[in-house]
Amino acid sequence: MKIADRKWLLVVASFLVCANLVMAQELNVSGTVTARESDEGLPGANVKLKGTTLGTSTDANGKFRVQAPGMSQATLVVSFIGYRTVEVSVTGSQDVTVALEEDVLKLSEVVVTGLATSVARQNLANAVATVTSAELVSAPAQTLERALGGKFAGVNVSQNTGAPGGGINVDLRGTSTIEGGTQPLYVIDGVIINNAANQSGIDLVTAATGAGSANPQGQPSNRVADINPNEIETIEVLKGSSAAAIYGSKASNGVIIITTKQGTSGKTRIEVSQQVGFNSLLKKIGARKFTAATAEAQYGANGKALFEKSGGQFIDYEDIMYGENGFLNETSVSARGGSDRTQFYLSGLLRDENGIIKNSGYQKYAGRLNLNHKLSDRIKLDAYFNYVRSESDRGITGNDNTNTSFGFSLGFTPSFLDITSTNRNGLTPNPDNPAYPLHPLNPSNPIHTRDVLTNHELVNRTLGSMRLHWNIWNTAKQNLNFIVQTGVDYYSQENAIVSPPELQYERNSSQPGASLLGETVSTNSNLYFNLAHSYASSGTLNLQTSAGFQFENQNLNNVLNEARGLIVTQTNIDQAASVNAYQDRVIQRERGFYVQEEINLSDKIYLTGGIRGDASSANGEVDKYFFYPKASASIRLAQYGVLSSFANEFKPRIAYGETGNLPNSSAKFTSLIPRNIGGLAGLLPATRRGNSNIQPERTKELELGFDAVMFSEHASLSFTYFRQNISDLLLSPSLPPSSGFEDEVVNGGKMKTQGVEVSLGVTPLKSRNLNWTSRLNFYKTSSEITELTVDPFNLGGFATFLGTFRIEEGLSPTTIIGAERDASGKNKALGNETPDFQLSWNNSLNLGAFELSFLWDWKEGGDVINLGKLITDLGGTTEDYDTGAAAKRLSVLGSQTVSYIEDGSYIKLRELSLNFTVPRSSVMSLFNGQVSHLKLGVSGRNLLMKTDYTGYDPEVSQFGNVSIGRSVDTIPFPSSRSMYFNVSFGL
Amino acid sequence: MTNKFRNKLLLLILSAIFVLAGCETLDFSNPNAPIVDDVTVQSLVSGIEAGMRLEWAIYLRVVGINGREVYYFEPADPRYTGEILFGTPDPGGFLTTRPWSARYRVIANCRFLIDKNAGAGVNGFAKTIQAYQLLLNLNYMYDNGIKLDYSGDLTVAVASRAQAIDAIHDLLDEGLADLKNAGASFPFRLTSGFAGFDTPAQFAKFNRALNARVSVYRGVYDHALEDLAESFLNPAGALNDGVYHVYGTGLGDQTNETFENPEASFVKLMGHPTFATNAEANDQRFARKVKVRNPATTFDNLTSNLGATITTSSTDRLPIIRNEELLLLRAEANIGLQRYTEAAADINIVRAAAGLPAVTLTAANAVDQLLYERRYSLFMEGHRWIDVRRYNRLSQLPIDRATDKIITSMPIPETEVLEGGGGGR
């Protein structure tokens with residue numbers, strides 16, 4: 001049915017009503033809200049009287065009743081998440097039925113504008129991206145961040161490693177810092193959650209941080225990975241400063257607001273979903289095939305002898321190491337229900353995933369209970385409780401200075417050498433475990449390491465939050481609400497690494513065998529008091545004033561014990577010859593307040609202004625308040641007739657905002673650190689000098705854009721240009737080491753980042769049985785350092801000749817340089833890590849009972865420093881070695897870096913799913929009415945990748961979630977593709 | 001309960017929460033570490049001893065590779081068989097920067113100690129160690145000079161080699177003067193690495209031993225003999241008597257990173273092949289310091305079958321200066337003064353200990369013989385490159401790959417000089 005038809009019905013209905021009951025003194029309207037597709041009642045829909053603060057929500061059957069003394073007629077505004085908002089004129093005492101239509105183009109969404117307020121998207125004056133549950137998990141994702149990939153314009157989700165359990169970078173609107181924190185703030189049901197990436201301690205086995213770089217390189221997962229994507233109702237991404245300013249000095253990387261599913265009154269509905277599938281290696285990089293002559297040239301006389309003994313076989317080590325078809329299993333159950341006063345949402349998840357490397361995998365068990373309770377007509381209480389247990393086994397991959405990681409070791413394993421079994425070609429057996437030979441050309445046998453090394457992570461996490469909503473005062477024109485929100489995020493993380501003494505590299509140590517036990521305990525808590533006042537004057541002016549206080553605390557304690565010289569078969573840290581211990585605490589506290597005013601003129605012009613002030617213990621001056629203002633304006637021009645010939649909606653908007661990025665909590669301290677000797681406790685200066693004047697980095701952002709809805713609501717277009725001026729950049733320039741210190745954190749520069757986001761949504765086909773919705777997201781950004789008060793410096797990577805990034809006035813901060821210099825002695829720019837653009841294409845097609853959706857993700861440009869290739873070149877095992885290419889690369893090593901810098905463009909089929917909904921009649925007869933619906937399907941993630949990049953995946957970051965220094969490849973855990981079969985049904 | 005009463009109660013509870021939440025202060029000290037003002041002399045002294053070991057393995061490898069004593073076959077990092085053998089050390093690379101920085105970190109601790117005004121003993125200790133740390137960096141950077149200014153001001157010029165060696169000499173003399181006024185004992189404890197050198201009087205002998213090395217480097221041989229007379233040189237004593245870095249596995253301690261199991265299927269630290277071909281027959285030092293392996297290892301077009309065995313475990317000590325070097329320093333000073341008989345006496349003590357027959361020294365063979373003995377006695381103790389360089393014989397070192405070069409010095413780290421400076425040779 002077309003919209004016009006519906007409007008016609010409504011018009012007729014209201015005329016009829018008006019004719020009958022013109023002069024009633026009291027408005028007393030009752031009715032039912034239904035979903036147009038199914039004609040079933042919609043529980044929990046909002047019904048408001050336009051131009052007043054009065055309203056209600058529908059009960060379990062979708063029924064409602066509104067009374068307004070002293071009014072004779074009014075307009076009802078009926079809205080529900082995921083449906084188009086409808087306005088209906090009513091008079092007197094009347095009974096209406098309002099059918100809502102699905103909102104595929106998200107035209108009626110309500111978007112948060114503050115800690116206690118929200119606005120309809122049609123009025124919103126800045127670009128806030130949202131995603132709903134259905135879009136989020138159309139193909140199962142291991143972790144939440146992975147599910148976000150490709151779904152928004154202005155958001156770049158990029159994995160650091162393919163290892164189970166995550167390690168994913170989420171970047172909103174380009175480079176906004178050089179060395180400050182990079183990850184957005186995650187707020188789940190009002191709790192600011194901890195998203196730390198806690199090091200596992202594997203660095204102590206690989207010594208990855210030992211030589212070239214001081215940055216931790218354990219490629220840990222970041223803790224937002226614990227969140228179960230299936231529990232999420234909506235995600236709102238506050239990309240820009242104008243939207244995020246209310247979060248003050250924690251918001252310059254943006255804010256991701258997650259709302260979990262809520263209970264609904266009425267019959268309890270149970271949903272069950274079961275997925276099974278498998279993981280497999282996404283891409284192979286190949287290996288060199290040897291002859292006796294090349295074996296001798298590469299490994300000397302010994303190499304030739306080994307080649308001849310082996311009979312010149314070719315062993316595909318990628319198959320052996322990365323060839324597992326890891327089994328995947330996910331069971332998800334949820335129940336929603338409740339009475340008119342109390343509603344609940346209960347969910348559980350069990351996910352078990354085996355990796356493409358033997359003994360690697362990920363498990364997650366999650367449970368959630370959300371309760372909403374009406375204490376009285378004026379007081380509402382919401383409580384959220386979430387428990388997660390996640391476990392991962394990640395093996396040993398990535399950079400390494402001991403040649404124990406899988407990728408490095410295989411790089412030094414020629415394909416003719418059989419290290420998988422004993423004595424096949426006369427290798428010396430390992431006396432401690434004769435099943436594995438000693439690797440004659442490398443310090444470790446990676447097959448042996450894979451089979452017996454443990455790198456296990458276990459997280460137990462509890463998230464709890466409460467919201468009290470107290471309607472203190474309520475008249476037809478005015479409404480005053482007091483909202484208290486408090487939450488706690490507590491987790492303990494255990495990392496257990498056991499490197500048994502029988503391993504080849506351990507045998508050669510003087511204390512063979514290592515057991516590392518790390519324990520991290522983290523508590524985040526926050527408490528918000530908000531006061532929100534709204535004033536409505538009969539349909540023309542609507543004012544919302546809000547203000548509040550915020551208290552935010554963070555406490556993290558990390559202890560790592562390192563035991564060496566393990567007693568054979570034992571893994572406890574006291575079963576060892578020596579133990580070392582490390583501890584690090586993070587304590588951080590913030591205090592803040594805000595005030596905000598929103599002005600809505602006839603739903604046509606919308607203006608906001610606000611300011612947040614906050615103080616933090618991380619700043620040099622802890623008592624100093626930093627202020628973050630914001631302002632925005634939008635006007636719905638189509639309502640004034642502009643472009644209205646083809647546009648249903650045309651809304652230019654402008655917004656300005658400021659946000660901050662706090663320095664690391666230890667940046668202000670000059671400290672001495674322990675260096676003991678012979679039982680005496682010693683202290684040496686830490687290499688970082690403290691800066692007692694350090695303060696937050698500041699982003700000032702202006703965004704301009706428009707939102708348009710065109711062609712009878714068949715298309716929506718959103719365009720945004722943003723320009724960030726970032727000042728007081730947090731930098732850690734080198735100090736001359738002769739001062740005793742090596743660096744210091746300073747506020748030392750300015751940067752400009754700008755970009756364009758275009759989001760186009762179309763519904764080319766829209767009918768009762770055939771629906772096609774297609775969305776294109778385009779995103780382009782670039783940055784430039786505009787001022788530097790410190791000397792230009794190199795950042796990231798391992799060394800200049802191995803590729804690093806240049807921080808210099810006039811350059812993009814993601815400029816890659818190497819050993820090459822121009823005539824004047826300056827380092828030549830060899831590439832740029834920032835992509836030229838990103839484009840994603842998301843489609844959903846409904847044909848009767850079939851539903852097909854797919855998501856393509858295209859990154860164009862963005863260079864990667866492929867040191868994985870250097871490793872295999874040095875090991876003599878690169879596939880193209882015998883073409884002379886490797887020799888050419890190696891011959892200029894030290895004077896030429898460009899041969900290891902590659903274009904990281906890719907096109908990936910991120911998600912694909914095909915579902916079949918079994919017709920209701922069949923379901924009813926098949927299960928005797930016990931099952932309400934049944935859906936069967938197949939889905940996949942990362943099914944295809946097209947790239948010229950020669951490593952495993954151009955999505956890579958050895959150094960984890962850093963702003964500058966990403967896209968350095970030292971052979972991480974390779975990426976996998978996953979395929980699922982799924983069945984889901986309702987009870 | 002009435003609604004009004006309930007609301008009042010609610011308000012009361014909420015304000016209580018509000019007050020409680022506001023209590024915690026934002027102002028607190030570093031939860032992880034102390035500041036300089038709060039710590040004791042003992043922890044700074046032990047920090048110095050511990051810090052002297054930082055990056056010592058890198059220093060020894062680089063000096064060993066530059067002097068073609070060893071190769072370091074590091075599959076995980078191309079630089080040990082790359083930039084320094086190619087002759088293009090990177091002023092920003094870790095081979096350059098890390099040993100340099102570690103020495104200045106120790107010097108910072110020495111300066112903190114001196115600032116504490118904790119008496120002549122503490123000052124004498126701090127100055128002696130400071131001078132030694134400067135000497136190591138000067139050995140590394142040589143003609144490029146070192147920093148004698150610790151302010152971090154990049155406009156202050158790098159001190160030349162001549163200025164630096166004089167300053168080191170002066171600092172050792174100042175330290176000696178302090179030690180002489182320091183009474184009978186130090187107000188702090190030292191580890192077993194300083195066993196026999198842990199009173200001011202005994203420590204002064206270590207100070208003079210270092211100064212003897214400096215005097216020989218400066219070519220003031222008569223001074224060197226005076227220094228040696230006040231040092232712990234003992235022709236009748238064990239050659240290994242001396243001062244050491246000690247290693248351990250205790251909490252926060254450091255293990256000896258030069259240790260490798262010589263029986264391992266792959267060994268990184270390998271003796272240069274000429275260490276075998278140039279060894280005199282039956283030189284016991286050869287068998288003690290390397291192990292001949294079969295098959296030979298080929299890595300990055302370099303081949304060796306000599307596994308270095310300078311340590312037997314990861315808690316083995318490493319020498320700072322020892323009696324054997326002092327004997328050879330005295331021999332060298334005497335050669336410099338053309339007293340070949342006296343020189344031969346010391347050299348023959350060292351040779352006898354290595355199971356070799358006595359030699360006679362002449363003006364023609366004395367330096368060759370001295371450098372031979374130093375090469376085999378002090379293998380991988382950080383001397384060969386410096387010795388060959390002192391006698392302008394770098395060009396005589398072997399070149400293994402056609403494009404390799406011998407370098408004279410490591411560059412000044414790029415972070416020590418204004419943009420465009422530094423640069424190795």
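Helices here are DSSP runs of H or I with at least four residues, numbered from the N terminus. The model is predicted.

Q: What does helix 6 of chain A span between its end C-alpha atoms?
A: Helix 6 of chain A covers residues 292-310. A straight helix of 19 residues would span 27 Å. A kink of about 145° is centred on Y299(A). The span between the end C-alpha atoms is only 10 Å.

Q: Which residue just after helix 6 of chain A takes a positive phi?
A: The buried residues of helix 6 of chain A include S310(A). Just after this helix, phi is about 75°. The residue is G311(A).

Q: Which strands of chain B do the buried residues of helix 6 of chain A pack against?
A: Among those buried residues are A295(A), Q298(A) and Y299(A). Their partners on chain B are strand 4 (290-299) and strand 5 (302-308).

Q: Which element of chain B gives the most to the side that touches chain A?
A: In all, 77 residues of chain B are in contact with 83 residues of chain A. Helix 1, helix 2, helix 4, helix 5 and strand 4 of chain B each supply at least two residues of that side. The top contributor, with nine residues, is helix 5.

Q: Is R68(B) buried or exposed?
A: R68(B) lies in the loop between helix 3 and strand 1 of chain B. Its phi is positive, about 55°, although it is not a glycine. The cut-off for burial is 20 or more other C-beta atoms within 10 Å. R68(B) has 23, so it is buried.

Methods. Residues are numbered from 1 along each chain as its sequence is written. Chains are lettered from A and ligands numbered from 1 in the order in which they are written. This is a predicted model: local features need pLDDT of at least 70, side-chain atom pairs count only at pLDDT 80 or more; totals for chains, interfaces and linings use all residues. The expected span of a helix is 1.5 Å times one less than its number of residues. The bend at a residue is the angle between axes fitted to the seven residues ending there and the seven starting there. A residue is buried if 20 or more other C-beta atoms lie within 10 Å of its own, exposed if 12 or fewer, and partly exposed in between; C-beta atoms are placed from the backbone. Two residues are in contact if their C-beta atoms, placed from the backbone, lie within 7 Å.
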